Amino acid sequence: MSHIPVLLKEVVDKLRPKAGETVLDATAGRGGHAKVLGEQLGPSGHLILLDADQASLSKAHQNVSSLACRVTAIRGNFRRVNSLLDETGVKQVNVALFDLGFSSDQLTESGRGFSFLTEEPLLMTLADLPEEGLTAYEVVNEWCGDELERIFRDYGEERHAKVITQAIIIARREAPIATTRQLAELIRQVVPRGYANARLHPATRTFQALRIAVNSELEALAEGMTGIWAKLVPGGRLGVISFHSLEAKIVKTYFKSLVASDEGELLTKHALKPEYAEVKQNPRARSAQLRVIAKKLILKL
Ligand SMILES: C[S@@+](CC[C@H](N)C(=O)[O-])C[C@H]1O[C@@H](n2cnc3c(N)ncnc32)[C@H](O)[C@@H]1O
């Protein structure tokens, strides 16, 4: 399945990349957004692709190979964006985009345990990068009940966090829970029947929670935005596409703080959401929200 870039027109309209500028796509993915942003840069521009996942980064790189601008691909976690750019010799950027989460084929085809539809080991990490050692296997089999319940409730917004936690604790006394299907089936068996038959698979929220915890997604987002803000030129634009309320809250709060300190100016008064036609074509866009902020030209000292 190919990955369709979400809110593409809105991203280009608000980030307004211009000839000769430097654009960072901090979540290059399949390079869908990057290609269209890069088309505006011309031969004197510079497009930087960043992704934690090597397979995605290679695909993105290939997808932008026909562009006239210079292209640099960096594999790494965007929580270290500032030092990754330093290591590459990039001092400033005009435009940065974060399109959070994972692309659909990455979730279904990576073999890394993001999907409960196939039998996969419980990894849920993108990375064989050294700084990200944690796996979902460790979380599920080693974390105490209170911590498990907290992440299922807070990160998954799972109202059956308690029973799911109890089921995990009992099951893992017998043998470790090793695969996605094993975990998904365990969850399906303990949640109320109506919940198990609902449109959403009953394991969806638990899997989201585990993914967020394993990859420290919320901390990475906060650190990534702060890191790139320091690298933005005055007048530079930062855009973030979020997919659930926890991410949206972090972006909203950070952007608000930049407005309050008179460093930033919101280019999206309210988050932009996809129109009906886009959601119909790409259901993944359903919960997408785009927020864009510009760095003020003259900073008050
Ligand atoms: C939704 S996809 C981006 C799709 C892309 N905008 C496109 O049009 O093809 C998100 C990408 O971000 C990457 N990613 C997720 N968390 C990351 C992190 N902390 N650091 C770097 N890349 C990350 C994933 O590997 C994935 O490729």
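1. **Helices and strands.** The protein chain holds 14 helices and seven strands. Both are DSSP runs, numbered from the N terminus: helices are H or I with at least four residues, strands are E with at least two. This is a predicted model, in which local features need pLDDT of at least 70 and side-chain atom pairs count only at pLDDT 80 or more, while totals for chains, interfaces and linings use all residues. Residues are numbered from 1 along each chain as its sequence is written.

2. **Overall build.** The radius of gyration of the protein chain is 20 Å, close to the 19 Å of the globule rule for 301 residues, so the chain is as compact as a globular protein of that length. (The radius is taken over C-alpha atoms; the rule is 2.2 Å times the number of residues to the power 0.38.) The C-alpha trace spans about 60 × 40 × 40 Å along its principal axes. Of the 301 residues, 46% count as buried. Buried means 20 or more other C-beta atoms within 10 Å of the residue's own; exposed means 12 or fewer; partly exposed lies in between; C-beta atoms are placed from the backbone.

3. **Domains.** Domain 1 covers 8-105 + 217-295, and domain 2 covers 133-214. These bounds come from an automatic or database domain assignment. Over C-alpha atoms, the domain centres are 31 Å apart.

4. **The sheet.** Seven strands form an open sheet with mixed pairing, in the order E3-E2-E1-E4-E5-E7-E6. Strands E3 (70-75) and E6 (264-266) stand at the edges with a single partner strand each, so one side of each has no neighbour in the sheet. Two strands pair if DSSP finds at least two bridges between them. Strand E4 (residues 93-99) and strand E5 (residues 232-242) pair in the parallel sense over six bridges. Val 95 has Arg 237 in E5 as its bridge partner.

5. **A helix on the sheet.** Helix H2 (residues 32-39) lies across strand E1 (22-25), strand E2 (46-51) and E4, and runs at about 175° to E1. Axes are lines fitted to C-alpha atoms, for helices over the stretch in contact (C-beta atoms, placed from the backbone, within 7 Å); angles run from 0 to 180 degrees between N-to-C directions.

6. **Two residues to check.** Most residues other than glycine have a negative phi. Glu 157 has a positive phi, near 50°. Glu 157 sits in the loop between helix H7 (145-154) and helix H8 (161-174). Ser 216 also has a positive phi, near 40°. Ser 216 lies in the loop between helix H11 (204-214) and helix H12 (217-231). Ser 216 is partly exposed, with 16 other C-beta atoms within 10 Å.

Notes
Two residues are in contact if their C-beta atoms, placed from the backbone, lie within 7 Å.
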